[in-house]
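Work through the exercises below with the sequence and the structure at hand. Each task is followed by a solution in steps.

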Amino acid sequence: MLTQTSKKNVVFSPDLYGKLVSGYIQNIPFAAAMEKFAFANNLKVTATEDNFFLLEKADSEPTNSQKKNGKGRGKNTTSVTPGLNVDVTPDNLVTVEATDVPISDILNAVSTALKNNYFLFIEPKGNTSLYVKNATYDEFLNRLFNNTEFTFRKDGGIYLIGDRNSEGLRTTQIFQLKYRTVDKVIDYIPVNLKKGVDIKTFNDQNSLILSGSQPRIEEVEVFLRDIDRIVPVISIEVMIVDINNSNTVSTGITAGLGTSPAQSGGTVFPGLNYNLNAASVNSVINGVNGLGVVNLGKVTPNFYINLQMLETIGDIKINSTPLLATLNGHEAKMNISETRYYIQQNSNVIATQNTTTVNAQQYIPLTADFSLDITPIVSGDEQITLEIKVKQQQFTTQTGTNGPYGSTTRDFQSLIRVKNQEMIMLGGLEQDTKSQSSTGVPLLSRIPVIKWFFSSRNKSKTISKLTIFVKPTIIY
């Protein structure tokens, strides 16, 4: 009551526990009032430099065991509480043996033996069994209050003891991380360690704000220091090679009637694609007729013949060399997109006195993506486990003049382990497309040899192959 009313710290020695006092003093300075109060109750009051008033017996005498050793503390100090033995060495180390003894009795006996001053915010409840050998007073208190709701804090030369949530025993500290970001660190702290500790993130300083009892905060700090280590940075060199080979062969003879007299001309070398007009065809017929074996008539002026024998070969090689970097255990992503548009026709009929049809065109986008996702995990011997995901989409032919495009998709996933700075090859995603078409005179276009004079043919073959080279390098 003195402490709460005056806002002054008043602490009594353990041997005064339970002592009845009396007195009535008013309208004088607090220090003088404490002196009069101590005198009226055969006590001694001492004001410390840290603004504490200590109350103890005015006629306190050393115990018999203390007199034997000639010191304030004896080597063998035994408590009179049943089931409790307390021994103190000359070095102020205590050995405690307790079997189902009230916590408050153990605290009082050890504090008296070591002559340590303490202040109780609330008296500890419950019994405990304890064995501690050659421990300091702080170590003893840690063992005594382990797995209880009580804790302590040393303020000057006085131990403040009470509930962990007591205002006087709560403390707030800032723990700054050195090597890793504060994001999601709270999720990694075990639930048992977070019990009784309020933890907030302080992103501006990459720190955590810890509020709670000092022992619980120290447990959290030990865990945080253990996980706050350098996180490796992995540089990933990627080489993407996309090879496309195509081969198209067009052969045959096409004849017909044009809307106007055709002109002879075309390509003879390196590929044959030549048009013969009616005059040229008639010259050939006249040459045949001159042999006297066959007599052919002349063709009309609009008649033409197209002779075709072409082969087209294509070879395209695309190289892409992106450089990615990420933290250990985090995903590195790369995405390349191609967008094409097709026209969508919309017709809206507006029903009024005069029905009106409104035609509208809308350009619809289609996207083909190439995506590469790599997640590296570094082991202790600098082996790197890579989880690789590759997905490639490509456009195919367009449906009609303004219709949508078709698309093909190729993807694969790999989980591999490589050494630091070792290059690996992945992929070989190969797409083989073949097509063949022909037009000609029925029956005649199927007879060997003769079919070349009565048909035209188109044959194409396309091979597309995707290969990926990956080289990870650890950068600390």
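**Exercise 1. Classify glutamate 331 by its accessibility, then find its charged partner.**

Step 1. In this predicted model, glutamate 331 has a relative accessible area of 38%.

Step 2. Glutamate 331 forms a salt bridge with lysine 333, and their closest N and O atoms are 3.5 Å apart. The cut-off for a salt bridge is 4 Å, so the pair qualifies.

Step 3. Lysine 333 has a relative accessibility of 59% and therefore counts as exposed.

**Exercise 2. Describe two further salt bridges, those of arginine 340 and of arginine 229.**

Step 1. The general principle is that side chains of opposite charge can pair when their charged atoms come close.

Step 2. Arginine 340 pairs with glutamate 338, with 3.1 Å between the closest N and O atoms. Arginine 340 is partly exposed at 28%, and glutamate 338 is partly exposed at 37%.

Step 3. Arginine 229 meets aspartate 226 at 2.9 Å, N to O. Arginine 229 is exposed, with a relative accessible area of 53%, while aspartate 226 is partly exposed at 45%.

Step 4. By the same rule, the count of salt bridges comes to 4.

**Exercise 3. Describe the span of helix α8 and state what its buried residues pack against.**

Step 1. Helix α8 covers residues 214-227, which is 14 residues. From first C-alpha to last it reaches 20 Å, close to the 20 Å expected at 1.5 Å a residue.

Step 2. The buried residues of α8 are Pro215, Arg216, Ile217, Val220, Glu221 and Leu224.

Step 3. An α-helix has 3.6 residues a turn, so residues three or four places apart point the same way.

Step 4. The strands that the buried residues of α8 pack against include β8 (150-155), β10 (170-176), β11 (197-202) and β12 (207-213). Helices α6 (185-188) and α7 (191-194) are also among the packing partners.

**Exercise 4. Is serine 13 buried or exposed, and which residues does serine 13 touch?**

Step 1. Serine 13 sits in the loop between β1 (9-12) and α2 (30-40).

Step 2. The relative accessible area of serine 13 is 9%, under the 20% limit, so serine 13 is buried.

Step 3. Its side chain makes a polar contact of 2.4 Å with the side chain of aspartate 15. Leaving aside residues up to four places away in sequence, serine 13 touches Leu55, Glu56 and Asn117.

**Exercise 5. Summarise the chain as a whole.**

Step 1. The chain has 9 helices and 23 strands, and buried residues make up 32% of its 476 residues.

Step 2. Among contacts between residues at least 6 apart in sequence, 60% join residues at least 24 apart.

Step 3. The chain exposes about 29,800 Å², of which carbon and sulfur atoms supply 51%.

Methods
Residues are numbered from 1 along each chain as its sequence is written. This is a predicted model: local features need pLDDT of at least 70, side-chain atom pairs count only at pLDDT 80 or more; totals for chains, interfaces and linings use all residues. Side-chain values use heavy atoms; hydrogens and water are left out. Helices (H or I, at least four residues) and strands (E, at least two) are DSSP runs, numbered from the N terminus. Buried means under 20% relative accessible area, exposed over 50%, partly exposed in between (1.4 Å probe, protein chains only). Contact means heavy atoms within 4.5 Å. Accessible areas come from the Shrake-Rupley method with a 1.4 Å probe; for residues, only the protein chains shown count as cover. The expected span of a helix is 1.5 Å times one less than its number of residues. A polar contact is a pair of N or O atoms within 3.5 Å; within protein, one must be able to donate a hydrogen and the other to accept it, and residues adjacent in sequence count only if both atoms are side-chain atoms. A salt bridge is a side-chain nitrogen of Lys or Arg within 4 Å of a carboxyl oxygen of Asp or Glu.
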